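Please look over the sequence and the model shown here. A short report on the fold follows.

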Amino acid sequence: RFGEARRLPCGRRLRRSQLGPRPPSAAQMERTEQVERMTEHGCAVLCLDCPEGMLFGIDYSAWSVGPRFMGVKLVPPGLHFVYASGSSEDVGISRTGFFLHMKPREVAVFRWDPATEELVRPENADEEARFADGVRGFDFDANLGPYPLDLSAQWSELTRHASAPLVAKIEPVAKAVRSKRAEYDAASAATEAALAAAAAAQQAEADGEEGDDAMDDAPAGEESRPGPAEASQPPRLESNSSVGSLFFSSVPRVRRKKGAAAAETTSMHFDRSKLLEQMIARDYGGDEMGVLGELQVAYIAFILGQNFDGFEQWRALLLLLCSCEAAASTRPELYAELCRVFFAQLNQAPGDLFGDDLTKENFLGSCALSLLEICDADGIHPKVRKRCGKLRELVQAKFGISVEDLALIGEDAPQIVDADGRDLVDLSGPALIALD
């Protein structure tokens, strides 16, 4: 066998989740039309010198590998995320992953480095080419496990807007996405806050009045990651390494514009459509789907890469997109696709994410409510409203309560109890408490 029988967690909070049935061995796979097509045009990931018992994952599948494991075949062309760690234990183990945008018949070659406990690319290009030719010639076929094709449609939904140029723009210089925890000691937090404040002051001074359009009141968790232009700044603190930052776009923040009337400033706080327009023009060259692609990359970096910066960017983008009432009318295709993207992310997210410490402030619930409100208003395109209805059903199923009741959850919400005084709704997370 190329790996152990049991499924393993793929993301930060998937310890209690089963992500699907155990993938069949190559000998057990039915020779369907899809399998035949992938045999001819599919890709492969070859991993050399992998120790028995390490964790290897690709997309939503992960295994504790056996002694004969050398990678995965029948991989559909397109974007994938490959990750590994030295042990299948999920607690306290660092993880390293790579985004791979694979063309038909492409072979990605990695080698396990026991010193760093990471997958690395071979340094010798000729050696890498020889191994890739060996895979195409079926020399390693008996040691390659089949990609779980039953999950390919779900994965395609999660990555439909994550283009190769966008991923190349965001991924670290060394390509390796390393796990990063949310925990920082007080000194680290103070240092990072000082760096962020200094960078903001310099940007405001350089931009003058134009810089006043950036947002000023966003929570600290919504701070964007440094972009390429900020590479000269000291590196952000990492939990496992001082390098490897993801270059996410800067999410604009509301700041009072000089000379602006109070009503205009207040309006921008409630409807951030102007800020979204600025971001689309500045960071994506006018391509509105670029913001959805970055939303998907950030989600994958968080869920599968266990990278906290990915979580922060995912949350910041969702909060921005779900607070643009005017844009929902002027950009119907963007918001129709946003409903589809958000639906896929909520539908495929691990169940305990909804009660996770990172989401204890219920930003997922507030984003869902805001998006449903602006996408189901009068004058909204029928396609957007139709997808909004599907999203409403999913939100109710995921959170276990109606959308109306979800709106009551929060710091100042009344506590709902039964006749015996037991809580029916746990305000620390949007989930019903069992009554038995």
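The sections below cover the protein as a whole, its nonpolar cores and the packing of some helices.

## About the model

This is a predicted model, in which local features need pLDDT of at least 70 and side-chain atom pairs count only at pLDDT 80 or more, while totals for chains, interfaces and linings use all residues. Residues are numbered from 1 along each chain as its sequence is written, and side-chain values use heavy atoms, with hydrogens and water left out.

## The protein as a whole

The protein has 14 helices and 13 strands. Both are DSSP runs numbered from the N terminus: helices are H or I with at least four residues, strands are E with at least two. Of the 436 residues, 50% are buried, where buried means under 20% relative accessible area with a 1.4 Å probe, counting protein chains only.

The accessible surface is about 20,400 Å², and carbon and sulfur atoms hold 51% of that area. Such areas come from the Shrake-Rupley method with a 1.4 Å probe. Among contacts (heavy atoms within 4.5 Å) with a separation of 6 or more, 72% are between residues 24 or more positions apart.

## Nonpolar cores

A nonpolar core is a set of buried Ala, Val, Leu, Ile, Met, Phe, Trp, Tyr and Cys residues joined through side-chain atoms within 4.5 Å. The largest one has 101 residues, and Phe56, Leu119, Trp314, Tyr335 and Leu371 touch the most other members. Helix 8 (residues 289-303) gives the largest share of this core, eleven residues. Apart from it lies another core of ten residues, including Ala44 and Phe140.

Leaving aside neighbours within four places in sequence, Leu371 is in contact with Cys322, Tyr335, Leu338, Cys339, Phe342 and Leu391.

## Helix 11 and its partners

Two packed helices are described by the angle between their axes and the distance between the axes. Here axes are lines fitted to C-alpha atoms, for helices over the stretch in contact, and angles run from 0 to 180 degrees between N-to-C directions. The axes of helix 11 (residues 332-348) and helix 13 (residues 382-399) come within 9 Å and cross at roughly 20°. Helix 11 is therefore roughly parallel to helix 13, since angles under 35 degrees count as roughly parallel and over 145 as roughly antiparallel. Residues making the contact include Tyr335 and Phe342 of helix 11 and Leu391 and Leu394 of helix 13.

With helix 12 (residues 363-375), the axis of helix 11 comes within 12 Å and the crossing is roughly 150°. These two helices are therefore roughly antiparallel. Tyr335, Leu338, Cys339, Phe342 and Leu346 of helix 11 meet Leu364, Ala368, Leu371, Ile374 and Cys375 of helix 12.

Notes: Parallel < 35°, antiparallel > 145°, perpendicular 65-115°, else oblique.
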